[in-house]
Structures are given as C-alpha cells and as structure tokens.
Amino acid sequence: MKKRTSLIIARGLLALGFVAFGMGAQAANDLPGKGVTVQPLKSSLAEEAFQTLLVMRALEKLGYTVEPMKDLEPATEHLAIANGDATFMANHWSLLHADFYKNSGGDAKLWRKGVYSDGAVQGYLIDRKTAEQYNISSIAQLKDPAIARLFDADGDGKADLTGCNPGWGCELAIENHLTAYQLRDTVTHKQGSYAALMADTIARFKQDKPVLYYTWTPYWVSAVLRPGADVVWLQVPFSSSQGGNADTQLPNGKNYGFQANQEQIVANRTFVEKNPAAGRLFEVMKLPIGDINAQNLRMSQGANTQQDLERHTDGWIRVHRPLFDGWIEQARAAAR
C-alpha cells in the first residue's frame, strides 16, 4: 500500500512538473522579448512620435524593454541603426530615404519588410485664390518674374518657397527641381524650422496673402490648408528626380514632382535575425494615413505633450484592439 501511495505521489509530482514546464514555455512564447532592450529613433519632427510610440507599445506587449525614443535626423538615424547604436525607426520613407538606406549598408546591415503606411504624396501648393486669379497650375510658371513676385514675402522680388529642413532628404529634391525647372533666378528656397516657417505661411494665408510651400502627407498641414478647398497642388512640367530619372507621375495622371511614397519600419538586421517576433511585428503593422493626419492635427491644436501623445496612442489601441492584438499574436507565433 505504501509503495502504491508513493508511486501515485511521484506521478502527481511529475505531472505538475510538466504543467509548470508548459506554463513556463507559454510565458516565454507570450513574452519573447523578455530581457531584450530596444532603442527607438525618430527625426526632429515631433509629428513622427505617434507612429513610433505605437510600435513601442506593441514591443512592450511582447516583453521587450523599450527605451524612450531619441531624436536624430534621417541620415544619422539610418547609420545609428545600421551600426547597432539603435534598434529601429518607424518613419523610413522608402523612396525619399533610399540613399540614406543604401549609404548606411543597405540590406546587409538594415532590415525593412512590409509597409507601415501607404499612399503618401508630397509636392508644392499655392493658395487657391491666387491660382484661379492668375491661372497658375505648374511650378514652371514661376519662371515668370511677375508670377514669382506674387509670392514674395520679404521684398526681394523673388518667390519665397517654404521648403524642407536640411537633412530630411526632401530638400535635395527641391534643390534639384529649382535647377531642372530653371527657377533659381525667381524662387528662394526658405529653410530652417519647418514648423516655424509653416506657421508664418499659414498666418499669411489668413491675412489673404498669396502662399507657396512644400508639404507632404501624412501631416497636419493639409488638414489646416485643405487641398482643393484652400490651396491647390502645382504640377511639374516633366519628371526630374534627384539622383535619377524616375517617373513621378501618379496613378491619377497628376505629376507633383515626387513619387507616391511608403512609410516603413527600418530595423537593425542582426536584431531582427535574433528576434523573429519583433521582425514579424514590424512587417505586419499597418497604420492608415488618415489616422496619422488626425493625430497630427490634434498636436497642431495644442495637444502635443508627452502625456497627450501617450493618450492618443493608447486611445488608438483601444479603438483598434482586435487589429492590435492580431499583430501581437502573429509576432508571438513567429517566435514559437
């Protein structure tokens, strides 16, 4: 009887051991990032924080220790990730940042797969009133000094184009266009703090003065100066891309001088190879441009503190819980 009792106890302990092992394995599968630290990056553009924070929240759900995001300009971001000094960025523009990706080691050191946000456009816009009054539809019309003077904000006789910060990548495309479309003598590319320059541009628009500026989507500017209502896109006379001769005509037949772009998550390749859960997460996450525009608009209206950003991100997750949980499950499955 005593031997039989001992056998039953031993079997019970063995069964409990298997259960404990199974629970431990399940916990490991649920938190494949446990013990791994991640360093996110974004550019100095505050409006990139929302996209980045959403990826950070997903990584935390997988057990990763996620450090606060750091700001670097795009060229340096790519280099830091390639060298292993940072882990990922959520705001890589596949075309605009192509040279940054290549010059940082390309696929040998960096990783990108999937599309985080699709259908982004960029280009030049002017106020609708001036466009209709002077029948302006092409950036090339600014070769005419009389047309260019309409957009002169500083009194030097040349059009003032609110442009792109040095180091972002878009400034190179604009500089290329100024040469290709023979606008050097009549247009000044205004650079500095884009947010401050656009604040001045919007103030001029509200004063019923002509405005000329470069912008992109997703970004809050197009929610304040609405294309088709307040402003109009200018077309270019022909495709001229910096570093090549890519066709910039869009599927709708319009040509704004820039190819339609995609936003991707770029990560350190070694990190992804060691962390298949994170790699799968980066691949499957998708964020509609409309949602980015809406959040960026809230920031422009004053809800731009760290607490605001976290509230916006957590609110998005609550509204899209099944989608978010689906990303997490796919990531966990990749680690099994």
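Threonine 186 is buried, with a relative accessible area of 9%; buried means under 20% relative accessible area, exposed over 50% and partly exposed in between, with a 1.4 Å probe and protein chains only. Before you select anything else, note that this is a predicted model, in which local features need pLDDT of at least 70 and side-chain atom pairs count only at pLDDT 80 or more, while totals for chains, interfaces and linings use all residues. Residues are numbered from 1 along each chain as its sequence is written, and side-chain values use heavy atoms, with hydrogens and water left out.

**Stop 1: threonine 186**

Select threonine 186 in the loop between H7 and strand E10 (187-190). Helices (H or I, at least four residues) and strands (E, at least two) are DSSP runs, numbered from the N terminus. Now show what threonine 186 touches: Leu142, Lys143, Pro145, Ala148, Lys158 and Ala159, leaving aside residues up to four places away in sequence. Contact here means heavy atoms within 4.5 Å.

**Stop 2: the second largest cavity**

Stay with H7 for a moment. Helix H7 (residues 170-180) gives the most to the lining of the second largest cavity, with three residues. To display that lining, select Tyr124, Ile139, Leu161, Ile174, His177, Leu178, Tyr181, Leu183, Val187 and Leu212. A cavity is a set of points, on a 1 Å grid over the protein atoms alone, where a 1.4 Å probe fits but cannot get out, and lining residues have an atom within 4 Å of a point. The volume of this second largest cavity is about 50 Å³, where volume is the space filled by probe spheres set on the points, and grid points are joined across faces, edges and corners. Colour its lining by class and you will find nine nonpolar, one polar and no charged residues. In this scheme Ala, Val, Leu, Ile, Met, Phe, Trp, Tyr, Cys and Pro count as nonpolar, Asp, Glu, Lys and Arg as charged, and the others, Gly among them, as polar.

**Stop 3: the largest cavity**

The structure holds two cavities of 30 Å³ or more, and the largest has a volume of about 250 Å³. To centre your view on the largest cavity, pick Leu45, Glu48, Trp93, Leu96 and Trp216, which lie nearest its centre among the 24 residues that line it. E5, strand E11 (212-216), E13 and helix H12 (289-300) each supply at least two residues of this lining. By class, the lining of the largest cavity divides into 13 nonpolar, eight polar and three charged residues.

**Stop 4: helix H11 and its neighbours**

Next, select H11 (residues 276-284), where Ala277, Ala278, Gly279, Leu281, Phe282 and Val284 are buried. What do these buried residues pack against? Bring up helix H2 (49-61), strand E5 (88-93), strand E6 (110-112), strand E13 (261-268), helix H10 (269-274) and helix H14 (321-335).

Look at H2 beside H11. The two helices pack at an angle of about 145 degrees, with their axes 11 Å apart. Axes are lines fitted to C-alpha atoms, for helices over the stretch in contact, and angles run from 0 to 180 degrees between N-to-C directions. Show the side chains, and you will see Val55, Ala58 and Leu59 of H2 meeting Ala278, Leu281 and Phe282 of H11. This contact of H2 with H11 has six nonpolar, no polar and no charged residues.

Then turn to H14. The axes of H11 and H14 come within 7 Å and cross at roughly 145 degrees. Pro276, Ala277, Arg280, Leu281 and Val284 of H11 make the contact with Trp327, Ile328, Gln330, Ala331, Ala334 and Ala335 of H14. By class, the contact of H11 with H14 has nine nonpolar, one polar and one charged residues.

**Stop 5: tyrosine 116**

Move to the loop between E6 and strand E7 (117-120), the place of tyrosine 116. Is tyrosine 116 buried or exposed? At 2% relative accessibility, tyrosine 116 counts as buried. Its contacts, not counting residues up to four places away in sequence, are Gln51, Leu54, Val55, Ala90, Glu263, Gln264, Ile265, Met285, Lys286 and Leu287.

**Stop 6: two loop residues with positive phi**

Finish with asparagine 135, in the loop between helix H5 (128-134) and helix H6 (145-149). Asparagine 135 has a positive phi of about 55 degrees although it is not a glycine, and at 63% relative accessibility it counts as exposed. Aspartate 208 lies in the loop between helix H8 (194-206) and E11. Its phi is also positive, about 65 degrees, although aspartate 208 is not a glycine, and at 51% relative accessibility this residue counts as exposed.

Definitions and conventions:
1 Å grid on protein atoms, 1.4 Å probe; cavity = no way out; pocket = protein on both sides within 12 Å on 5 of 7 lines; lining within 4 Å.
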